[in-house]
Amino acid sequence: MSKVCSINFELNKNWTTGSQMVVSKNATQGWTQFWKGERTSFDEVMKLATTYFAGQIVKQFSLTSSRTIFDYGCGPGFLADHLAQYGISVVGADINEYFIDECRKNHPQSLFIHISTDVFETRSELDRVLAGRQFDFVVLLSIAQYFKDTNEFERVINLLASYCCPGGRIIIADVIDDNTSTYRDALGLFNQCVRNGKLIAFFKFMLFVTSSSYARVHKHAELLKIRESFIQEMCLRNSLRYEKVDGLTIHPSRTNYVLSKRS
Ligand SMILES: C[S@@+](CC[C@H](N)C(=O)[O-])C[C@H]1O[C@@H](n2cnc3c(N)ncnc32)[C@H](O)[C@@H]1O
């Protein structure tokens, strides 16, 4: 997972010139199938990483229970679990039906939507279910690296911008780019695990990322890297502004962006 993703075992750099990243054909198929079928790989360390992020956004954006959050690629709902402590309710969406069922079980009062990797289908499902609802924050945490390419990523951002209320923001966190370093991220994770008394969990996690179905998929499917130059161009094309925000995730070498609509 992204926290997995957090550990970026990317060995192949496959950049084109400019800001677009080309990914091998296997990539999407591999990651999509992996995520749709995933049941067990979210573990303690991933929960720790998402909880860390949740704490950071509560602080940095002064979140209170009146704020509305849409967690796109919500996984099994760790963000919703943590924000519930502040009385903040989260609407979530994911391509993994099992995760969505988990979220619905744990948060029966909230809305969790099973979506498709096809952005057109997702748009009509979200339009149907959300029925005009808009949010203060749309969150994409540790999911950008699983899109097929930057075009698909942009289509999703364009779609999600329409669910932001006036003044609303899109937080894209844990983005992999040229500056991402496996070693720095592993160290950041290690330090956080030590601080939280989760050393054994850290080693179990390392075993998972190096010798699980995730690792097997990663041998054939690269993670999508998104450069800042692409974010800049995308924002221009979609009448959005962006800023980079440090410290939102445990991974010190990942990049976080906050997008908002241009007025
Ligand atoms: C690493 S997990 C992160 C989960 C959650 N955001 C968190 O940080 O706790 C990546 C999630 O993205 C979802 N995902 C992958 N590709 C997606 C796509 N194209 N559209 C929506 N969700 C996707 C996966 O099913 C998975 O739940």
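1. What share of the 263 residues in the protein is buried? In this predicted model, buried residues make up 43% of them, where buried requires 20 or more other C-beta atoms, placed from the backbone, within 10 Å of the residue's own.

2. Residues are numbered from 1 along each chain as its sequence is written. Because the model is predicted, local features need pLDDT of at least 70 and side-chain atom pairs count only at pLDDT 80 or more, while totals for chains, interfaces and linings use all residues.

3. The protein has ten helices and seven strands, taken as DSSP runs numbered from the N terminus (helices H or I, at least four residues; strands E, at least two). Among contacts between residues at least 6 apart in sequence, 73% join residues at least 24 apart, a contact being two C-beta atoms, placed from the backbone, within 7 Å.

4. In the largest nonpolar core, which has 69 residues, Leu79, Val138, Val139, Ala144 and Ile172 touch the most other members; such a core is a set of buried Ala, Val, Leu, Ile, Met, Phe, Trp, Tyr and Cys residues joined through C-beta atoms within 7 Å. Helix H2 supplies the largest share of this core, eight residues. Leaving aside residues up to four places away in sequence, Val139 touches Ile69, Asp71, Tyr72, Leu79 and Ile171.

5. The axes of H2 (residues 44-60) and H7 (residues 182-195), lines fitted to C-alpha atoms over the stretch in contact, come within 11 Å and cross at roughly 90°. The two helices are therefore roughly perpendicular, a label covering 65 to 115 degrees. Val45, Leu48 and Tyr52 of H2 meet Leu189, Gln192 and Cys193 of H7.

Definitions and conventions
Axes fitted to C-alpha atoms, helices over the stretch in contact; angles between N-to-C directions. Parallel < 35°, antiparallel > 145°, perpendicular 65-115°, else oblique. Buried ≥ 20, exposed ≤ 12 C-beta atoms within 10 Å, placed from the backbone.
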